[in-house]
Amino acid sequence: MKYFLLYTLARVGLFAGVFGAIWLILFSWVSWTYASLLWTVLLAAIISAIASIFVLRSLRHRFAAEIEARAARMSQRIEAARAAEDED
């Protein structure tokens, strides 16, 4: 669960950073309305999603390894319970 939280916080932080950068770049050129805010959010989501593929690669691999280990432990418990049930 540790890497899930870290990865999620990193994704949110990356989005916030990209959103802030776009906001600062366009602040003086755009009159801000709900539509321009929506476009800024969409652009930040796309850019941060693409950037996270490269920037957060190691954290994502650790998160995947944690999930894989947890799934293996759960499968072992299920098999052990199934074997114990067969013995009864």
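Which residues does Ser-36 touch, not counting residues up to four places away in sequence? Ser-36 touches Val-30 and Ser-31, where contact means heavy atoms within 4.5 Å. The model is predicted: local features need pLDDT of at least 70, side-chain atom pairs count only at pLDDT 80 or more, and totals for chains, interfaces and linings use all residues. Residues are numbered from 1 along each chain as its sequence is written, and side-chain values use heavy atoms, with hydrogens and water left out.

**Overall fold and dimensions**

- The chain has 3 helices and 0 strands; helices (H or I, at least four residues) and strands (E, at least two) are DSSP runs, numbered from the N terminus.
- Read from the N terminus, the order of elements is α-α-α.
- The radius of gyration of the chain is 21 Å, whereas a compact globule of 88 residues would have one near 12 Å. This radius is taken over C-alpha atoms, and the globule rule is 2.2 Å times the number of residues to the power 0.38.
- The C-alpha trace spans about 75 × 25 × 15 Å along its principal axes.
- Among contacts with a separation of 6 or more, 70% are between residues 24 or more positions apart.

- Accessible areas come from the Shrake-Rupley method with a 1.4 Å probe; for residues, only the protein chains shown count as cover.
- Buried residues make up 15% of the 88 in the chain. Buried means under 20% relative accessible area, exposed over 50%, and partly exposed in between (1.4 Å probe, protein chains only).

**Helix H1**

- Helix H1 covers residues 2-26, which is 25 residues.
- From its first C-alpha to its last, H1 reaches 36 Å, close to the 36 Å expected at 1.5 Å a residue; the expected span is 1.5 Å times one less than the number of residues.
- The residues Tyr-7, Leu-14, Val-18, Phe-19 and Ile-22 of H1 are buried.
- The cover over the buried residues of H1 includes H2 and H3.

- Ser-36 is found in helix H2 and is buried because its relative accessibility is 13%.
- Thr-40 also lies in H2, and it counts as buried because its relative accessible area is 3%.
- Leaving out residues up to four places away in sequence, Thr-40 touches Phe-19, Ile-22 and Trp-32.
- Thr-40 and Leu-6 are 34 residues apart along the chain, with 25 Å between their C-alpha atoms.
- Ser-52 has its place in H2 and is buried because its relative accessible area is 2%.
- Beyond its neighbours within four places in sequence, Ser-52 is in contact with Arg-11, Leu-14, Arg-57 and Arg-60.

**Nonpolar surface patch**

- Ile-46, Ile-50, Ile-53, Phe-54 and Val-55 make a nonpolar surface patch of about 510 Å².
- Patches are made of residues with over 30% relative accessible area and no salt bridge; like charges are joined within 9 Å, and nonpolar side chains (Val, Leu, Ile, Met, Phe, Trp, Tyr) within 5 Å.
- Ile-50 of this patch sits in helix H2, residues 34-55.
- Ile-50 counts as partly exposed because its relative accessibility is 49%.

- The salt bridge count comes to 1, a salt bridge being a side-chain nitrogen of Lys or Arg within 4 Å of a carboxyl oxygen of Asp or Glu.
- The side chains of Arg-82 and Glu-79 meet in a salt bridge at 3.2 Å, N to O.
- Arg-82 and Glu-79 are separated by about one helical turn because they are 3 residues apart in helix H3, residues 57-87.
- An α-helix has 3.6 residues a turn, so residues three or four places apart point the same way.
- Arg-82 is partly exposed at a relative accessible area of 46%, and Glu-79 is partly exposed at 46% relative accessibility.
- Ala-71 is in H3 and is partly exposed, with a relative accessible area of 39%.
- The C-alpha atoms of Ala-71 and Leu-14 are separated by 29 Å, and the two residues are 57 apart along the chain.
- Ala-81 lies in H3 and is partly exposed, with a relative accessible area of 47%.
- Ala-81 and Met-1 are 80 residues apart in sequence and 25 Å apart in space, C-alpha to C-alpha.
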